[in-house]
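Let's take a look at the salt bridges in this one.

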Amino acid sequence: MSFLDWMVVSFVIFLTVAVGSLMIRFASRHGAESYFTGDRKLPWWAIAISNTATYQSGNGGFVMLILIYGLAANWIWWASWIIWMPLVAIVWAPLWRRMRIMTTAELLTLRYGGRPAWYARKIYALVCCFGFSVLIIGYITGFFAITIAPIVDMEAWQILLIFGGTTAIYTIFGGLVGVVATEVLHFIIMMVGSVVFLFIAIQQHGGWGMILERISTTRPEALQEFPPVLIPGSEAHSIPLLTILFLILQGVFFAGSPTAGEGATAQRFMSAKSEGHAIGGQLFNCFLALTCRTLPLIGLGLVATSIFWPETLTKVAALPEGMRILKEPAHAWAELIKSCQLPPGFVGLLISVEIAAYVSTLSALINWGSSFIINDIYRDIVKKPTAKQEIFISRITTLVLFIAASVIALLFVKKMISWFMFINSAMVIFLLPLSFFRFFWWRFNVWGELSAILLGLPLSIIIWFGLDFQNPETHPFWHGLALLLGLSFVVLIIVTLLTPAESKETLLQFYQRCHPPGLWKPIEKMLSEDEKEKCRLENKNIICYSIYGILACLGLVVATNALFVANWFHVWGGVLLAGIFGTILVLNVIRNNVHEE
């Protein structure tokens with residue numbers, strides 16, 4: 001990198017810290033309430049852009065996936081996302097907003113009663129803060145360091161200190177409002193930088209027609225729109241159909257996952273101006289996350305596929321002309337930059353794009369993680385803390401989280417595909433039935449909750465890494481995922497049925513507060529006739545709107561992949577599907593309440 005490149009990177013970092021720091025007065029106005037919820041004033045567009053930026057932990061990840069698996073690699077994550085994202089909008093977004101809580105752990109003392117619920121809340125807060133949050137931050141931090149290392153020529157610890165450290169600074173002082181403001185800035189940087197780079201890369205590598213021709217000659221299976229992809233002689237780089245089918249099943253439950261509709265995503269819903277803003281933000285997020293942000297990255301992945309041959313693929317006697325072997329697929333994004341002749345300072349802009357993707361996720365996660373310490377633990381230790389005390393402890397917790405995650409990144413995050421599947425699926429899959437049982441089954445109790453919280457993360461680590469279910473050469477990915485999901489259903493149901501139900505008074509208070517759908521008949525009998533009719537209508541709409549949302553998201557992703565191979569029948573079919581059902585959702589769900597305050 002040249003001096004001018006570093007000047008561009010420095011300017012972006014300075015701009016990020018400045019924007020985040022400008023939010024200090026908003027973050028500390030009313031103590032932890034302002035710091036972690038922004039006084040519940042987030043509009044729908046900010047929720048959408050913020051959540052989309054949070055999901056974009058690294059641009060290099062998309063390029064790596066497509067280089068290894070081809071265009072159909074998108075279905076590794078699309079299979080779940082087209083299910084859980086609309087379900088979050090229709091079901092979970094309004095539930096989280098109605099409860100008017102600060103963290104998802106706080107839900108436990110609303111849903112369950114007595115001293116066990118108090119302990120469960122504390123344990124869940126610690127698991128989310130020092131378990132899920134630290135592991136996710138460790139993964140995205142490790143991937144970020146690996147991605148940019150070939151360009152910046154720095155050690156991993158130096159990368160973490162410079163880029164992660166500056167992120168921790170503005171997150172410490174800006175709170176949630178600072179996080180959201182910088183995420184909007186980062187999303188703009190990501191989109192502009194990635195789109196411009198895509199057009200430059202296409203032009204300098206022979207044009208789009210030549211790129212597709214090279215891929216169709218060397219790896220034609222990489223242009224298939226739909227899975228399964230089977231690369232001859234290399235089962236490790238196939239995407240079995242059963243894996244995709246299981247991921248679709250997982251998507252049904254994933255809406256309540258700490259890495260999807262519950263975690264930092266739910267924090268935005270709790271901070272929304274109204275239910276309408278929460279729902280509208282998530283629906284717009286569906287479009288941005290599934291299609292908009294991915295378009296330039298998929299294109300870059302295909303450009304990389306046309307010029308690089310991953311060393312882990314089947315060995316060939318002679319490489320096709322113009323291609324070269326790439327030892328580490330995670331370096332594909334950086335090596336693609338090095339393969340182009342770019343204007344002065346543009347490499348710095350592209351590094352800033354990757355920085356923007358990384359710090360957007362990092363800032364959201366460390367703010368989310370530290371919220372548990374204040375709201376669910378500190379306030380019980382120190383009775384009636386001042387706003388100043390809460391803000392100080394919040395900032396210390398934020399710093400500790402980043403340091404712990406950096407240690408995980410440096411020591412343990414190695415095999416990127418394995419970690420990708422662990423973070424996005426295996427780590428949380430034991431908890432997925434829990435997210436449904438909490439809201440949809442009145443009989444579920446605190447002991448079922450505790451069994452999931454205590455067993456979930458340790459079991460996922462043991463099965464995935466300890467028993468080597470991470471290795472696709474010995475086990476298809478879905479084997480480990482199915483084992484964890486099956487164990488969860490068995491354990492949670494048995495524990496719940498062998499222990500006492502929650503009191504009807506506790507359940508009634510919870511039901512009246514958020515109107516959860518599902519199996520609540522014994523509690524619904526205690527409602528007035530007007531309340532019963534209102535709940536029946538809400539449940540009927542939830543089913544219809546969820547189906548509309550899933551069909552709209554399916555149309556979006558089908559059109560996205562088809563666009564790159566000029567399959568216009570699929571493109572226009574997908575656009576039509578998304579347009580019809582997306583419009584129905586907007587008219588029926590958003591129109592009447594998105595401007596409520």
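## Salt bridges, pair by pair

Start in helix α24 (residues 529–564), which holds both lysine 532 and glutamate 529, three residues apart, or about one turn of the helix. This is a predicted model, and in it the two side chains form a salt bridge, with 3.6 Å between the closest N and O atoms. Glutamate 529, at 55%, counts as exposed because that is over 50%.

Zooming out, a search of the whole structure turns up eight salt bridges. Three of them, including the helix α24 pair, are listed here.

| Pair | N to O distance |
|---|---|
| Lysine 532 and glutamate 529 | 3.6 Å |
| Arginine 324 and glutamate 335 | 3.0 Å |
| Arginine 219 and glutamate 221 | 3.7 Å |

Now for arginine 324 and glutamate 335, whose side chains meet in a salt bridge at 3.0 Å, N to O. This pair ties together distant parts of the chain: arginine 324 belongs to strand β2 (residues 324–326) and glutamate 335 to helix α15 (residues 332–338), 11 residues apart. With a relative accessibility of 37%, arginine 324 counts as partly exposed, while glutamate 335 is buried at 12%.

Finally, what about arginine 219 and glutamate 221, buried or exposed? Both are buried, and their side chains meet in a salt bridge at 3.7 Å, N to O.

Key
Residues are numbered from 1 along each chain as its sequence is written. This is a predicted model: local features need pLDDT of at least 70, side-chain atom pairs count only at pLDDT 80 or more; totals for chains, interfaces and linings use all residues. Side-chain values use heavy atoms; hydrogens and water are left out. A salt bridge is a side-chain nitrogen of Lys or Arg within 4 Å of a carboxyl oxygen of Asp or Glu. Buried means under 20% relative accessible area, exposed over 50%, partly exposed in between (1.4 Å probe, protein chains only). Helices (H or I, at least four residues) and strands (E, at least two) are DSSP runs, numbered from the N terminus.
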